[in-house]
Amino acid sequence: MLKNEHWSKAAPLFRNHEVLNCNYLRNVSGVDYETYMEVVYYPLNLNNREGYCVKVRTDRDNPTVQSVTPIWETANWNEREIYDLLGIDFPGHPDLRRIMMPDDWVGHPLRKDYVPLDPEV
């Protein structure tokens, strides 16, 4: 677990550190725990296949985690998907917009408090 306010400094350290050398971001996922939200990152060192799991917690009322797309380009679509389905904002993302739902969709369907407009859909 890494404090949200430290993530913008820690992410480049994972990539650029001589020993860690996580030159690839394997996956990014978002989780809704009802009382808080979390973004989970899986940086990987491709040279020795050593991987890590970094969890960054954010609050539900204003879920925000600094984008790592400028550090690892592979985060681009993952962050857009998390934004679209869970409503977590990623400041610093080059093109943060919906990727799965229509632009006029109301809400974020993977949030636990999401109520669909039509329960039959």
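This is a predicted model: local features need pLDDT of at least 70, side-chain atom pairs count only at pLDDT 80 or more; totals for chains, interfaces and linings use all residues.
Trainee: Which residues of the largest nonpolar core touch the most other members?

Mentor: That core has 21 residues, and the ones that touch the most other members are Trp7, Val39, Tyr41, Val65, Val68, Trp72 and Ile88. Two or more residues each come from helix H1 (7–16), strand E1 (24–32), strand E2 (37–45), strand E4 (54–58) and helix H2 (75–86).

Trainee: And which element gives the most to this core?

Mentor: That is H1, which contributes 4 residues.

Trainee: Can we stay with H1 for a moment: which of its residues are buried?

Mentor: The buried residues of H1 are Trp7, Ala10, Ala11 and Phe14. They sit on the same side of H1, because the arc they cover around the axis is only 105°. As background, an α-helix has 3.6 residues a turn, so residues three or four places apart point the same way.

Trainee: What covers those buried residues of H1?

Mentor: The cover includes E2 and E4.

Trainee: Changing topic, where is Glu79 found, and what is the nearest side chain of opposite charge?

Mentor: Glu79 is found in helix H2. Glu79 is buried yet has no salt bridge, and the nearest side chain of opposite charge is that of Arg80, 9.2 Å away. A salt bridge would need the nitrogen and the carboxyl oxygen to lie within 4 Å.

Trainee: Which side chain is joined to that of Glu79 by a polar contact?

Mentor: That would be Thr69, whose side chain is joined to the side chain of Glu79 by a polar contact of 2.9 Å. If residues up to four places away in sequence are not counted, Glu79 touches Tyr41, Gln66, Ser67, Val68, Thr69, Phe90, His93 and Leu96. Two of these, Tyr41 and Val68, are also among the core residues that touch the most other members.

Trainee: How many salt bridges does the structure hold?

Mentor: The structure holds 5 salt bridges. One of them is formed by Asp32 and Arg60, with the closest N and O atoms 2.3 Å apart. Asp32 lies in strand E1 and Arg60 in the loop between E4 and H2, so this pair ties together parts that are 28 residues apart in sequence.

Trainee: Are those two buried or exposed?

Mentor: Asp32 is buried, with a relative accessible area of 6%, and Arg60 is buried as well, with a relative accessible area of 14%.

Trainee: Which residues are linked with them in a network of salt bridges?

Mentor: Asp32 and Arg60 are linked in a network with Arg111 and Asp113. The side chains of Arg111 and Asp113 meet in a salt bridge of 3.3 Å, taken from N to O. Arg111 counts as buried at 13% relative accessibility, whereas Asp113 is partly exposed, with a relative accessible area of 47%.

Trainee: And what about Asp95, which residue does its side chain meet in a salt bridge?

Mentor: The side chain of Asp95 meets that of Arg97, at 2.9 Å from N to O. Asp95 is partly exposed, with a relative accessible area of 30%, and Arg97 also counts as partly exposed, at 45% relative accessibility.

Trainee: One more topic, the backbone: what is phi of Asn21, and where does Asn21 lie?

Mentor: Phi of Asn21 is near 45°, which is a positive value in a residue other than glycine. Most residues other than glycine have a negative phi. Asn21 lies in the loop between H1 and E1 and is partly exposed, with a relative accessible area of 22%.

Trainee: What about phi of Arg49?

Mentor: Arg49 has a positive phi of about 60° although it is not a glycine. Its place is in the loop between E2 and strand E3 (50–51), and Arg49 counts as exposed, at 62% relative accessibility.

Trainee: Last one: where is Asp103, and is it buried or exposed?

Mentor: Asp103 is in the segment after H2 and is exposed, with a relative accessible area of 69%. Asp103 and Glu73 are 30 residues apart in sequence, and their C-alpha atoms are 23 Å apart in space.

Definitions and conventions:
Residues are numbered from 1 along each chain as its sequence is written. Side-chain values use heavy atoms; hydrogens and water are left out. A nonpolar core is a set of buried Ala, Val, Leu, Ile, Met, Phe, Trp, Tyr and Cys residues joined through side-chain atoms within 4.5 Å. Buried means under 20% relative accessible area, exposed over 50%, partly exposed in between (1.4 Å probe, protein chains only). The arc is that of the directions from the helix axis to the C-beta atoms. Contact means heavy atoms within 4.5 Å. Lys and Arg count as positive and Asp and Glu as negative; His and the chain ends are not counted. A polar contact is a pair of N or O atoms within 3.5 Å; within protein, one must be able to donate a hydrogen and the other to accept it, and residues adjacent in sequence count only if both atoms are side-chain atoms.
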